[in-house]
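Subject: Structure for your review

Dear colleague,

Please find the structure below, together with its sequence.

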Amino acid sequence: MATNRTFTMLKPDSIEKGYIGAILEKINAAGFKIVALKMTRLSVAHAEQFYAIHKERPFFGELVEYMTRGPIVAAILEKENAVEDFRVLIGATNPEDAAEGTIRKIYAESISFNAIHGSDSDENAEIESNFHFSGRQMF
Ligand code: CMP
């Protein structure tokens with residue numbers, strides 16, 4: 001089923017470097033409306049669950065350590081064609097491959113520490129949104 005929502009997390013490196021405002025401004029400027037937003041911190045168990053699909057990958061331990069080392073900002077975003085358009089806005093997983101002007105090109109330091117998450121499908125956008133927000137926190 002088509003949806004007009006996607007889920008994002010500003011990862012710990014973005015918060016550490018003070019990029020929350022700049023990244024949210026870029027998201028708004030690209031036409032996304034923020035319909036849920038919170039600053040929180042993932043436990044190891046939550047990070048392992050969120051990234052369970054990567055648990056056999058060699059970088060899994062490093063990924064969990066990264067995502068739990070400090071606060072994150074989680075948000076649900078609304079826009080027509082949200083999932084696809086947001087992935088264009090954030091750019092490739094590896095900032096070296098990301099297009100000029102994309103969030104990862106500007107703010108990410110490496111493929112491991114890449115500043116921001118964006119859901120890769122409508123189905124995952126819903127699963128990830130429900131993972132972080134209860135119904136009464138979504139507007
Ligand atoms: P994301 O695509 O949002 O979700 C999976 C994360 O794993 C990815 O961002 C990176 O933070 C990390 N990741 C993906 N590929 C690698 C890799 N080859 N080496 C290290 N970390 C990676």
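The space that the ligand takes up is the largest pocket. Please note that this is a predicted model. The volume of the largest pocket is about 760 Å³.

The pocket

A total of 27 residues line the largest pocket, and those nearest its centre are Tyr 51, Ile 53, His 54, Leu 63 and His 117. Sorted by class, this lining consists of 11 nonpolar, 9 polar and 7 charged residues. Four elements, namely α3 (44-50), α4 (60-67), β4 (116-118) and α7 (122-132), each contribute at least two residues to the lining. Of the elements that supply it, α7 gives the most, with 4 residues.

The ligand and its surroundings

Around the ligand one finds Lys 11, Tyr 51, His 54, Phe 59, Glu 62, Leu 63, Arg 104, Ile 111, Ser 112, Asn 114 and His 117. By class, this shell comprises 4 nonpolar, 4 polar and 3 charged residues. Tyr 51, His 54, Leu 63 and His 117 are among the residues around the ligand, and they are also listed among those nearest the centre of the largest pocket.

In Asn 114, a side-chain N or O atom lies 3.1 Å from an oxygen atom of the ligand. For Arg 104, the distance from a polar side-chain atom to a ligand oxygen atom is 3.4 Å. His 117 likewise has an N or O atom in its side chain at 3.4 Å from an oxygen atom of the ligand. On its own, the ligand has 450 Å² of accessible area, and the protein covers 79% of it.

Yours sincerely,
A colleague

Terms used:
Residues numbered from 1 in each chain as written. Predicted model: local features only at pLDDT ≥ 70, side-chain atom pairs only at ≥ 80, totals over all residues. Heavy atoms only, no water. Near = heavy atom within 4 Å. Polar contact = N/O pair within 3.5 Å; in protein donor to acceptor, adjacent residues only side chain to side chain. Areas by Shrake-Rupley, 256 points an atom, 1.4 Å probe, with all protein chains shown as cover. 1 Å grid on protein atoms, 1.4 Å probe; cavity = no way out; pocket = protein on both sides within 12 Å on 5 of 7 lines; lining within 4 Å. Sits in = over half its atoms within 2 Å of the grid points. Nonpolar A, V, L, I, M, F, W, Y, C, P; charged D, E, K, R; others polar. Points joined across faces, edges and corners; volume = space filled by probe spheres on them.
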